[in-house]
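Please consider the sequence and the structure shown here.

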Amino acid sequence: MRIAVASGKGGTGKTTVAVALSMAVSEKVLYADCDVEEPNGSIFLRPEISRTEKVLVEVPEIDEEKCISCGKCAKFCQFNALVSLGTPPLVFPELCHSCGGCAIVCPTDSISWKKVSIGEITVGSADSGRVSVIQGKLNVGSSLAPPVIRQVKSHIADDILTVIDCPPGTACPVIESLDGADYVLLVTEPTPFGLHDLILAVDTVRVLGMPFSVVINRFDEGDDGVENYCKNEKIHIMAKIPHRRSMAEVYSRGGILFDAIPEMLDLFKSIPQMIERGIEVE
Amino acid sequence: MKEIVVISGKGGTGKTSITGCFAALAENAVLADCDVDAADLHMLLAPEIISRNDFISGNEAIVREDDCTGCGVCKKNCKFDAIEVTPEGKYRVNPFSCEGCMVCVEVCPVKAIDFPPNHCGEWYFSHTRFGPMVHARLGVAQENSGKLVSTVRLEAAAKAKELNKDFVIVDGPPGIGCPVIASITGADLIVVVTEPTISGRHDMKRVLQLAQHFSVPACVIVNKWDINPEMTEVIEADARNSSAEPLGRIPYDRAFTVAQINGRTLVEETTGESVEKITTIWEKVCQKLK
């Protein structure tokens with residue numbers, strides 16, 4: 001089973017929840033960090049790294065001998081990654097989506113492919129080998145997170161409980177991370193910003209047709225807007241995590257939820273079973 | 001006119017709350033919300049929308065099933081795994097996976113794939129109690145957030161020029177990817193709001209690298225600094241090492257949440273230490289841009 005942990009708003013506690021879930025269960029689990037722009041799970045899980053691999057994408061390379069400067073490639077490219085001013089095209093690799101279109105339309109077969117690295121995957125394990133950790137990290141200056149996320153997901157096996165730590169927001173990196181998950185936990189906080197962005201996240205998972213429930217972090221610190229919304233929308237609240245200043249301090253040093261709030265452990269342990277039962281009902 | 005972009009790397013460090021304070025303190029600014037897929041600044045500034053504008057960007061491939069011969073050339077050439085087989089043995093495009101590259105349109109031997117412009121969201125020009133505001137909403141599960149960010153910035157800059165404003169204050173998105181790059185390139189100053197946690201430090205270092213990569217000057221604010229004073233010191237040293245001046249510290253303050261619940265910026269909600277700190281920081285920002 002693949003459980004994705006997502007949220008509209010950043011900083012609500014996605015990584016806290018995803019790490020806590022991975023550490024609470026007693027079975028083998030894979031923690032997949034798909035927040036590749038700012039991956040933070042390893043700060044808390046402290047995996048022993050067994051290997052790293054580059055994320056390579058293909059970008060066009062122009063053979064200027066063969067190129068007749070017709071400009072068809074630049075005209076075709078939907079991402080403005082090629083610019084031709086009556087000359088062989090200039091390539092802007094950071095804009096390229098590697099769709100292959102320029103080579104298809106080139107009449108003189110002048111385009112070949114060059115691999116460039118846009119990120120890195122690290123593979124490791126934590127908690128004496130019980131928790132496998134796959135982390136994707138986008139290179140600073142590269143703009144395209146989805147290929148890095150796809151490569152993280154290529155490491156996920158079907159027969160192991162997997163926790164996917166998603167990026168914030170509702171745009172393409174989130175959609176890429178959610179694709180293939182069986183269930184989504186949406187982490188929010190009980191503030192107007194938290195509620196507003198939760199509604200956007202709920203719209204997104206509903207459009208994608210995925211079963212989901214909500215985790216309210218620092219539930220006793222804000223107002224009751226989130227709980228009222230969930231009640232009206234008949235959305236199940238899977239967990240309510242209390243606010244403790246000690247949690248903020250534990251988090252700041254790289255500690256996990258149960259270091260500050262040990263009484264949450266039993267609930268988190270039972271989340272996979274609760275989801276399993278819920279999926280059967282739906 | 002000077003453009004100030006507030007970003008953080010990590011989400012939830014207080015970007016929008018602090019941008020709201022800057023909006024209240026700046027006397028002659030246009031405000032812009034570039035966190036287009038989870039925009040929240042409007043909840044503090046209560047904009048009155050003057051004009052709504054469709055955001056059309058890119059195109060979407062749609063197979064005309066009646067004309068599809070089921071040859072599968074489109075699926076073979078799609079690099080995004082966006083083409084699915086229908087129960088009738090024809091092909092269709094999954095709009096969530098499609099990146100709008102037009103390859104399928106090009107290779108279809110019977111030209112059975114349409115490519116209409118994609119309506120990705122809306123952007124708005126509004127009035128607020130602190131001046132004009134440009135903001136946007138990306139459609140659910142849409143692409144092109146980077147292009148929508150660029151649209152918001154261009155419209156805000158044009159408005160600032162037209163109205164002879166001193167500043168454009170931009171609330172940026174989290175992360176370091178395409179919408180962040182679209183938010184910072186060519187700006188006059190990046191203000192990074194971070195928090196004294198290992199994650200906050202890790203993510204700040206990455207945005208400061210990004211700022212250096214695109215040659216935009218940056219400075220740093222440590223919010224909730226008293227959660228971990230030692231980490232605050234470490235972060236400020238990191239900032240200096242990346243040529244980013246630490247502009248000040250703001251204490252952990254529940255008043256931010258109270259102000260948010262009341263739909264106000266902190267400087268309108270209360271007085272006290274946090275407000276004094278933010279006012280001093282804003283003065284420093286103005287000085288840096290002189």
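The account goes from the chains and their domains to the packing of helices and then to the interface.

This is a predicted model, in which local features require pLDDT of at least 70 and side-chain atom pairs count only at pLDDT 80 or more, while totals for chains, interfaces and linings use all residues. Residues are numbered from 1 along each chain as its sequence is written, and chains are lettered from A and ligands numbered from 1 in the order in which they are written.

Chain A contains 11 helices and 11 strands; helices (H or I, at least four residues) and strands (E, at least two) are DSSP runs, numbered from the N terminus. The C-alpha trace of chain A spans about 70 × 45 × 40 Å along its principal axes. Of its 282 residues, 49% are buried. A residue counts as buried if 20 or more other C-beta atoms lie within 10 Å of its own, as exposed if 12 or fewer do, and as partly exposed in between, with C-beta atoms placed from the backbone. Among the contacts in chain A with a separation of 6 or more, 72% are between residues 24 or more positions apart; two residues are in contact if their C-beta atoms, placed from the backbone, lie within 7 Å.

Both chains are divided into domains, with bounds that come from an automatic or database domain assignment. In chain A, domain 1 covers 2–55 + 119–281 and domain 2 covers 64–109, and 40 Å separate their centres, taken over C-alpha atoms. In chain B, domain 1 covers 2–52 + 121–288 and domain 2 covers 61–115; the C-alpha centres of these two domains lie 41 Å apart.

Two packed helices are described by the angle between their axes and the distance between the axes. Here axes are lines fitted to C-alpha atoms, for helices over the stretch in contact, and angles run from 0 to 180 degrees between N-to-C directions. In chain A, helix H7 (residues 192–207) and helix H8 (residues 225–232) pack at an angle of about 30°, with their axes 9 Å apart. A:Pro192, A:Gly194, A:Leu195 and A:Leu198 of H7(A) meet A:Gly225, A:Val226 and A:Tyr229 of H8(A).

In chain B, H7(B) and H8(B) pack at an angle of about 10°, their axes being 11 Å apart, and H7(B) is therefore roughly parallel to H8(B). The residues of this contact divide into six nonpolar, no polar and three charged. In this classification Ala, Val, Leu, Ile, Met, Phe, Trp, Tyr, Cys and Pro count as nonpolar, Asp, Glu, Lys and Arg as charged, and the others, Gly among them, as polar.

At the interface, 50 residues of chain B are in contact with 51 residues of chain A. H7(B) supplies eight residues, the largest share of the side of chain B that touches chain A.

Helix H9 (residues 245–252) of chain A has the buried residues A:Met247, A:Tyr251 and A:Ser252. Because they cover an arc of only 135° around the axis, they are on the same side of H9(A); the arc is that of the directions from the helix axis to the C-beta atoms. The cover over these buried residues includes helix H1 (14–24) and helix H10 (257–260) of chain A together with H7 and helix H8 (229–241) of chain B. On the face of H9(A) turned away from its buried side are the exposed residues A:Arg245 and A:Ser246.

Conventions:
Angles under 35 degrees count as roughly parallel, over 145 as roughly antiparallel, 65 to 115 as roughly perpendicular and the rest as oblique.
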